[in-house]
Amino acid sequence: MMGIEICGEIDKVNGKGLSYKEFVERYMEKNKPVVLTGLMDDWKACSDWVDENGQPNLSFFSTHFGKSRVQVADCGTREFTDQKRVEMSVSEFIDQWCKEPIPENGLGSNNGLTDESVLYLKDWHFVKEYLNYTAYSTPHFVCDDWLNLYLDSYRMHRDPDSYQENDEISCSDYRFVYMGAKGSWTPLHADVFRSYSWSANVCGKKQWFLLPPSQSHLVFDRNMKACVYNIFDDISENLFPGFKKATWLECIQEPNEIIFVPSGWYHQVHNLDDTISINHNWFNSYNLCWVLDLMLRDYNEAKEYIEDIRDICDDFEGLCQRNLAANTGMNFYDFFIFLARFSLANSVVLDILVRDAENIAGTGSTFPIIQQLVQNLSSIQQIALKMKSLECFSGDQGFVLDLVETHKNPMFSKLCYSLIQICESIHNRQVLSLCSKTVATQDSCTLIVIQNFCDAVSSPQDLVKYIDAVLTEHTSLESSE
């Protein structure tokens, strides 16, 4: 490759011969990418969306999903740090892909597109839009997905000043379908929230170029503000003095292969064929620290940018938090509420499993699931510990965590159910049927857990203490047994 140094390839592993524990130890904990094979054999998408020649079945999309409104990137036109995006229906996108003229009604001069434009449908919230069409099943290696699990029940950010009801689909989850012709591509970037991502090729080939986080500074300018857009451009050594020192991993992803991209890895992706892929962004106990680090960096940048108006601003910290939410997708309050709700769900499920251990014994040991819940809580505690000193949680900022209504909200029960399902999938244990009644009815013991949490937790410092008490109690129970 002209202009960049390829230093290695990415592991390619048969997923059927890999245990979840091995995946965690070799890839998730080490934040190392991998390509997994053999996990898409029974996906509906792999039959419905692909024709007999292995090409995208475009007529199927036009017939079944043609009216959906989607975001489409014009790969030949840069707009700020990304490609120019236009909105159109799936049918209009496919007409353009097939080089048929785009009808002008509703598109206004084709949005500046020409027949030569290479278009790439991106970030289509397919799962949320077609709840009854099960295109695929999330592989158990990547199902410990706190981000989408949470967003199935709650909004990540709901600022009364900026919230729009009609924006429901655009920010409702991070499960996407991508479709693009040969030659479509995605510029260099690291993923939203510095989350993990996985991308499954339903058909077509992709070429990936990945840069480890330890070298990410090399693709930024001298001020660490602007990032290289396209690694195959003629990159100015004066603007990006470290770029030539970067060493890249390369990967050709074949059809029916899933790539795991860890946190903080910058990557650029090119479609070598007409391609359809399914993509998730996600985080869990193993990469929460990456999420917080990104937010801290973005917060400090935003704060520095408006520091000169601090003295004349009535609510400077509030303005910083609004800017952080606009730039990053959530602010520190949103993240803390997310952590608090997840802590409570983990505590409730942990309490039920420990209490019902005798009843569940016949279905196999619950020990691995209990251990996972304990690890979840420990990781949240570590993040809350780092958040304790943030200015936005100081006493004079007026932030009050109020989860008193949580137990009355059916969405919280749904969060608990989904958490149990994830644990079942990871550890191949069946406990949901025995736990579900307790979650649904919220017996007196469960209500005590919820009430204790609501009484005790209103800040990161409180959350640290609360989790400490839960973990201490769990340890003492283990010892007594």
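The legends below describe close-up views of a predicted model.

**View A. Asp74 in strand β4.** Asp74 belongs to strand β4, which covers residues 69–79. This residue is buried but forms no salt bridge. Lys84, the nearest side chain of opposite charge, is 5.8 Å away, whereas a salt bridge requires the charged atoms to be within 4 Å. The side chains of Asp74 and Thr77 are joined by a polar contact of 2.9 Å.

**View B. Strand β8 and its partner β13.** Strand β8 (residues 185–189) is largely enclosed by the rest of the structure, because four of its five residues are buried. Strands β8 and β13 (residues 266–271) run antiparallel and are joined by three bridges. Within this pairing, Trp185 stands opposite His270 of β13.

**View C. The aromatic pair Phe65 and Tyr133.** The structure contains 42 aromatic pairs. In the pair of Phe65 and Tyr133, the ring centres are 5.4 Å apart and the planes lie at 80°, so the arrangement is edge-to-face. Phe65 lies in helix α3 (residues 58–65) and Tyr133 in the loop between α5 (126–129) and α6 (146–151), so the pair ties together parts 68 residues apart in sequence. Phe65 is buried, at 3% relative accessibility, and Tyr133 is buried as well, at 15%.

**View D. The aromatic pair Tyr333 and Phe393.** With centres 5.7 Å apart and planes at 85°, the rings of Tyr333 and Phe393 form an edge-to-face pair. Tyr333 lies in helix α9 (residues 332–355), and Phe393 lies in the loop between α11 (367–387) and α12 (410–427), 60 residues apart.

**View E. Arg341 and Tyr154.** Arg341 lies over the face of Tyr154, at 3.9 Å from the ring centre. Ring pairs link Tyr154 into a cluster whose members include Trp146, Tyr150 and Phe338.

Notes:
Residues are numbered from 1 along each chain as its sequence is written. This is a predicted model: local features need pLDDT of at least 70, side-chain atom pairs count only at pLDDT 80 or more; totals for chains, interfaces and linings use all residues. Side-chain values use heavy atoms; hydrogens and water are left out. Helices (H or I, at least four residues) and strands (E, at least two) are DSSP runs, numbered from the N terminus. Buried means under 20% relative accessible area, exposed over 50%, partly exposed in between (1.4 Å probe, protein chains only). Lys and Arg count as positive and Asp and Glu as negative; His and the chain ends are not counted. A polar contact is a pair of N or O atoms within 3.5 Å; within protein, one must be able to donate a hydrogen and the other to accept it, and residues adjacent in sequence count only if both atoms are side-chain atoms. Two strands pair if DSSP finds at least two bridges between them. Rings of Phe, Tyr and Trp (its six-membered ring) pair if their centres lie within 6.5 Å; planes under 30 degrees apart count as stacked, over 60 as edge-to-face and the rest as tilted. A charge sits over a ring if NZ of Lys or CZ of Arg is within 6 Å of the ring centre and within 35 degrees of the ring normal.
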